[in-house]
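This briefing goes through a protein structure topic by topic. Look at the sequence and the model first, then read the points below.

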Amino acid sequence: MTTKILKPSESAYDYPLLIKRILTSHQRTEQRNVIVSGEHRFSYAQLNERICRLANTLKQLGIGPGDTVAVMDWDSHRYLECFFAVPMLGAILHTVNIRLSPAQILYTMNHAEDDLVLVHDDFLPIVEGIKDQLETVRGFVQLSDDTTPVAPAFTTFGEYEQLLDQAEADYAFPDFDENSVATTFYTTGTTGNPKGVYFSHRQLVLHTLNMVNTLSTSSSEGPLLDHAGSYMPITPMFHVHAWGIPYAATMMGVKQVYPGRYEPNTLARLIREEGVTFSHCVPTILQMVLQSDQARDTDFSGWKVIIGGSALTSGLAEQSMALGIEPFSAYGMSETCPLLCITRMTSELSARPADEQAHWRVKAGQPSNLVDLEIWDPQGNPLPHDGVSTGEVVTRAPWLTQSYLNEPEKGDELWSGGWLHTGDIACIHPDGFVEIKDRIKDVIKTGGEWISSLELESLISTHPDVAAVAVIGIPDERWGERPSALIVPSSGNLTSAVLEQHLQQYVDSGRINKWAVPKTIKLADDIPKTSVGKIDKKLIRAQWS
Ligand code: AMP
């Protein structure tokens, strides 16, 4: 028996899922000025027109299908316009991670074979330093927040706003194969060069549709974002397209606030002044916003925030809920576009007291629509969803990178056995909630036992004298490794003995074993962060030794 496949009629239109379809026709007449970025305020009608002007500009600069356009910018209206205009031309958008070292930026730009670079004033010195080693770049466009931009030290095609002013306001975007590559960007691992991931139009459209649905349905208390809401990303647009949420927010036609460079006081002020109701970020940024001076004058109640990229700790979940913030967790990675899992708050869970809710909100959520997610043992056998068995998270979904750019052998490793290997260890509870225990490379092995550094961080974070914490395994002759904690204290009272006493309750209740209690702690003013604001355990390990 085989499935029955009906041939489409010769005259039927084979509708490709292209990014241009995210710009729905009703937006073209929308006149409210709801795209906010620095001094700029635009309507959706203007956004559509500016996308056409950008496409005409790029075309005039020689950009066409298959070319790659790199962007080096803070989160801005320009970036949003590039999210659309570049792929809608059939070209590929390379969102450059501006927090990498100049040598890594150079590597990624040569590896991606960038043709044109759109560069903000703040990154002109970096480009100035590497431009003679750029192998494929044919020219530059300046992105400036100043009305009278200062001329760069090297030749450019001109300044973005001035080029857009001169361009035609209409563009008939063509149809093409929905499997064409739309975007690319790089992820940094523990060793070696950054690796490029890439996503097609079809993948991004499906991810967007799923994200719109997810934002509408993840809480019984009401949508995370709807037409009455206001969205501000706090995950950089260079990192996994700010989790793809600018595409979803645009399809929904909601107010969008682009905050430029992330400065905690500015973020708190924008939340207050622009009435932001929904954001997403890594935990460290949420912490910084809540600790900013402007936070004191800001009423955060009603602000819904998806935390991802690192585990939300119980301490931060409870602190934000006390301020009236509703925290959700999401799980994914650069390779997965990124959405894999998200917290789903049923009416039964929402009715529970805050500390009980936090217990669910800090888990990595449940697999999203169209996502297959399993845990495997090292031999590739699926493990039960019993909340106890732990194994590597493997996944399948329509929007996962199909390989690494120009590195097929690494792509084969990523997809070994036909499932994408995340490198994360987790258990899955019977109710479907996924609990990430650790990165495989960060898990602490002590005396034959495995200890989750994430769980320890979460438990330590609930002590009132702890502002931030990172736990790593330190080599130990007798035990293999022992957990050690780097802590930013919020008062002068924190010592190893105080922490031991705090953790003893979890040892007594059987939540952690006694070997999990860190024997050494170091106090610091700050926790080292990676280029995307996560705890940099590689650096902490190196510094500790
Ligand atoms: P990146 O590719 O830089 O976005 O990093 C992805 C990695 O971040 C994942 O493989 C996880 O290790 C980690 N991660 C993402 N979301 C979560 C989460 N909700 N809880 C714990 N770890 C997370």
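In helix 8, the buried residues are I245, P246, Y247, A248, A249, T250, M251 and M252. Buried means under 20% relative accessible area, exposed means over 50%, and partly exposed lies in between (1.4 Å probe, protein chains only). The model is predicted, so local features need pLDDT of at least 70 and side-chain atom pairs count only at pLDDT 80 or more, while totals for chains, interfaces and linings use all residues. Residues are numbered from 1 along each chain as its sequence is written, and side-chain values use heavy atoms, with hydrogens and water left out.

**Helix 8**
- Helix 8 covers residues 245-252 and is mostly covered, with eight of its eight residues buried.
- Helices (H or I, at least four residues) and strands (E, at least two) are DSSP runs, numbered from the N terminus.
- After helix 8 comes G253, which has a positive phi near 75°.

**Domains 1 and 2**
- The domain assignment, which is automatic or from a database, gives domain 1 (23-194), domain 2 (201-369) and domain 3 (444-544).
- The C-alpha centres of domain 1 and domain 2 are 25 Å apart.
- Their contact (heavy atoms within 4.5 Å) takes 38 residues from domain 1 and 29 residues from domain 2.
- Between them, domain 1 and domain 2 bury about 2800 Å², with 60% of it on carbon and sulfur atoms. Buried area is the accessible area (1.4 Å probe) that two parts lose on being put together, summed over both.
- On the domain 1 side, D75, F83 and F185 lose the most area to domain 2, together 25% of what that side buries.
- The rule finds two salt bridges across this interface of domain 1 and domain 2. A salt bridge is a side-chain nitrogen of Lys or Arg within 4 Å of a carboxyl oxygen of Asp or Glu.

**The residue E392**
- E392 lies in strand 17, residues 391-396.
- E392 is buried yet has no salt bridge, and the nearest side chain of opposite charge, R439, is 7.3 Å away. For charge, Lys and Arg count as positive and Asp and Glu as negative; His and the chain ends are not counted.
- The side chains of E392 and H421 make a polar contact (3.1 Å). A polar contact is a pair of N or O atoms within 3.5 Å; within protein, one must be able to donate a hydrogen and the other to accept it, and residues adjacent in sequence count only if both atoms are side-chain atoms.
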